[in-house]
Amino acid sequence: MADKEHTNPERMEKIVSLCKRRGFIYQSAELYGGLNGCWDYGPMGVEIKRNLKNYWWRKNVRERDDIVGLDGSILTHQAILTASGHVGGFSDPMIDCRTCKARFRADNLDGVECPRKPSRRPGHGPECDLTEAREFNLMFQTTVGASAEEDDPNAVAYLRPETAQSIFTQFKNVLETSRQKLPFGIAQIGKAFRNEINPRNFTFRSREFEQMEIEYFCRPEDALRLTDEWLELRLRFYEEIGIPREKLHVLDVPDDERAHYSKKTYDIEYDFPFGCQELEGVAYRTDYDLSRHQEHSGKPLEYFDEETKEKFIPHVVEPSAGCDRTALAVICEAFDEEEVTDAKGKPEVRTVMRFSPRIAPVKAAVFPLLKKNAGQVRIAREIEASLRPLMNVFYDESGAVGRRYRRQDEIGTPFCFTVDFETLGEKGPSLKDTVTVRDRDSMQQERLPIPELAAWLGERLR
Ligand code: ATP
């Protein structure tokens, strides 16, 4: 297992501050002091999440013929979560401190500070007085319908704690309408809610978050092999969005730490600046969920194999990723500071977000060299307008070009196009209708003909 203690709090502080300053992530309800464990994604953050979800959907649904999509409701019938075991058992052990009234997750006290003496762990401060651990259910409960009495048990519903359960309960409908044969999967991206006892590490442990989950249904004898295949596919996905393999670690979860229904679980972990932590779980969940729903609903959820004439409950492999955790990993991985020399030869620190172009929130920036030059502005605006339907681009004409580059570096824009005097043909016909393209990482520039820009970008953003 990777080193969970290897941390870099200074780097994390810089990342959190850049996220706010450049519009990636803000504290939810900041105006009113903040809502703990909830986050709002700003103009840059929302693009990153959208790019991540689109790429995940493309790889797992659009490019495969054996996986179909679902978008289930967030409000979840009590019976579903009773059958799945969440109502009775989706809890974490919690302890209270009688002195300071703070609450902590009993099984996760590493790195947690005592509110009175932050240099110590809870229980290790001079005045700490901890209770015994007791179970705290993590689900948010609500009441459905205007006429419902507050204590009417039939009106109780929950905000789903995972997206998976609507996949299991719609398994039969999807099977019938999509006419899939085993093995096949159902994929879903959506919000999930957990009333975490100690939300922390920025967005890593939130109370509201998004999951990207696949339930891949199969014959029992294929499940372990498929679990290994899914692990490989998922590792490749992270590499494709800019997280190098050496920063990813696979934890083969030991028997006594796996969910009781799982015969194999891998956690994919990433070296965050606050330690090596889980990004995704790839779990073989057996036939547990479908069996439970069949039992509780009294409706058959079996699969009939036309060839072998067998009827059985499919087994399932579940790759379950967190979109917010992946976004955070991508942001942490992209953050870089390097020493460069400015136009006057003075050393300065360049902050650059080295996002994979696929995930970068802004794909290209377009500048006229001089904002007072009407010809340059007109062409720059035309380039901007031609690219807008294809991707997120940004037009900027204010300040020196060097400063504009730095602003784009901070949000990770991979390419900047500048319209200059050459573009207008003022330095000879050979460079007319070309622009400079400046590469974010190498800071090198080359010239490209304007009509080729869209195709040139398309190749680099695929
Ligand atoms: P943890 O052990 O960190 O609480 P978990 O094992 O309970 O996570 P799962 O139930 O396997 O998590 O959920 C699948 C994925 O959903 C996780 O790998 C993670 O990416 C994401 N996820 C779970 N809980 C949270 C949370 N509180 N905030 C953000 N993402 C989460």
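Predicted model: local features only at pLDDT ≥ 70, side-chain atom pairs only at ≥ 80, totals over all residues.

Trainee: OK. How many helices and strands does the protein have?

Mentor: There are 12 helices and 24 strands. The C-alpha atoms fill a box of roughly 80 × 70 × 50 Å along the principal axes.

Trainee: And which domains is the protein divided into?

Mentor: Domain 1 takes in 9–82 plus 143–331, domain 2 is 91–137, and domain 3 is 362–461. Taken over C-alpha atoms, the centres of domain 1 and domain 3 are 39 Å apart.

Trainee: What share of the residues is buried?

Mentor: Of the 462 residues, 35% are buried. As for contacts with a separation of 6 or more, 64% of them come from residues 24 or more positions apart.

Trainee: So what about the largest nonpolar core, how many residues has it?

Mentor: It has 82, and Y216, V317, A329, V330, I331, V366 and F417 have the most contacts inside it. Helix α9 gives the largest share, seven residues.

Trainee: Where does this core lie, and why there?

Mentor: It lies between domain 1 and domain 3, because both of them give residues to it.

Trainee: Pick one of those residues. What is V366 in contact with?

Mentor: Once you leave aside its neighbours within four places in sequence, V366 is in contact with A380, I383, E384, V393, Y395 and F417.

Trainee: Switching to the ligand: how many residues surround it, and which are the closest?

Mentor: The ligand is surrounded by 16 residues, and the closest are F209, G281, S320, G322 and R325. The elements giving two or more residues to that shell are β11 (208–218), β14 (275–284), β17 (315–322) and α9 (323–334).

Trainee: Which of them gives the most?

Mentor: That's β14, with four residues.

Trainee: And what does the shell around the ligand have by class?

Mentor: Eight charged residues, five polar and three nonpolar.

Trainee: Now the backbone. Which residues does the cis peptide bond join?

Mentor: L182 and P183, with omega at about -5 degrees. P183 sits in the loop between α6 (171–178) and β10 (184–193). It's worth a look, as most peptide bonds are trans.

Trainee: Is A29 buried or exposed?

Mentor: Exposed, because it has 12 other C-beta atoms within 10 Å, and 12 or fewer counts as exposed.

Trainee: Last one: where does E240 lie?

Mentor: In helix α7, residues 223–240. E240 is partly exposed, with 13 other C-beta atoms within 10 Å. E240 and Y55 are 185 residues apart along the chain, and their C-alpha atoms are separated by 9.6 Å.

Key: Residues numbered from 1 in each chain as written. Near = placed C-beta within 6 Å. Nonpolar A, V, L, I, M, F, W, Y, C, P; charged D, E, K, R; others polar. Buried ≥ 20, exposed ≤ 12 C-beta atoms within 10 Å, placed from the backbone. Contact = placed C-beta atoms within 7 Å. Core = buried A, V, L, I, M, F, W, Y, C linked by C-beta atoms within 7 Å. Domains from an automatic or database assignment.
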